[in-house]
Amino acid sequence: MTIRLAAAVLGTPDPRGLARFYQRLLGWPVRDDTDDWATLRPEDGGTGLSFQLERDHVPPVWPPEPGTQQMQTHLDLLVDDLDAACALAEDAGARRIGGYDDPQELVRVYADPAGHPFCLFVRLDR
């Protein structure tokens with residue numbers, strides 16, 4: 001028996017729109033594309049991302065605050081050019097919400113158009 005993660009699924013009021021955002025960011029082709037569900041998969045068949053319609057989606061608050069919608073998952077995206085990746089994310093519709101620098105990595109935290117946090121980071125220990 002084998003078990004393999006096929007995709008992480010993000011809830012959104014606009015599956016097609018959020019799929020297009022991540023398609024632009026990651027360069028992966030769209031596989032499924034309906035009003036209720038959209039899917040991206042890398043060309044190599046690896047783990048992808050899916051987007052499910054949630055009409056009453058409430059974006060998480062980051063950093064977390066008591067009594068607010070909490071983040072339950074986020075995406076970490078390793079990049080080779082942090083400045084270029086940040087510019088692309090912002091141009092595609094992301095909003096910067098934080099970040100930090102440490103001796104091992106530089107991290108920039110963004111919210112996608114549906115409010116899901118994700119991190120763009122570059123490793124310094126190459």
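A: At 53% relative accessibility, aspartate 101 counts as exposed because the cut-off for that class is over 50%. Its partner in a salt bridge is arginine 108, with the closest N and O atoms 2.7 Å apart. Arginine 108 counts as buried, with a relative accessibility of 14%. The model is a predicted one, with a mean pLDDT of 94 for the protein.

Six salt bridges are found in a search of the whole structure. Arg16, Arg20, Asp33 and Asp35 are linked in a network of such bridges.

Arginine 16 is partly exposed, at a relative accessible area of 34%, whereas aspartate 35 counts as exposed at 53%.

Aspartate 33 forms a salt bridge with arginine 20, and here the closest N and O atoms are 2.6 Å apart. This pair also links distant parts of the chain: aspartate 33 is in strand E2 and arginine 20 in helix H1, 13 residues apart. Aspartate 33 is partly exposed, with a relative accessible area of 29%, and arginine 20 counts as partly exposed at 36%.

On confidence, strand E2 (residues 30–33) has the lowest mean pLDDT among the elements of the protein, at 92. Helix H1 (15–26) also gives two or more residues to the largest nonpolar core, where Phe21 and Tyr22 are among the residues that touch the most other members.

Definitions and conventions. Residues are numbered from 1 along each chain as its sequence is written. This is a predicted model: local features need pLDDT of at least 70, side-chain atom pairs count only at pLDDT 80 or more; totals for chains, interfaces and linings use all residues. Side-chain values use heavy atoms; hydrogens and water are left out. pLDDT is the predictor's confidence in each residue, from 0 to 100. Helices (H or I, at least four residues) and strands (E, at least two) are DSSP runs, numbered from the N terminus. A nonpolar core is a set of buried Ala, Val, Leu, Ile, Met, Phe, Trp, Tyr and Cys residues joined through side-chain atoms within 4.5 Å. Buried means under 20% relative accessible area, exposed over 50%, partly exposed in between (1.4 Å probe, protein chains only). A salt bridge is a side-chain nitrogen of Lys or Arg within 4 Å of a carboxyl oxygen of Asp or Glu.
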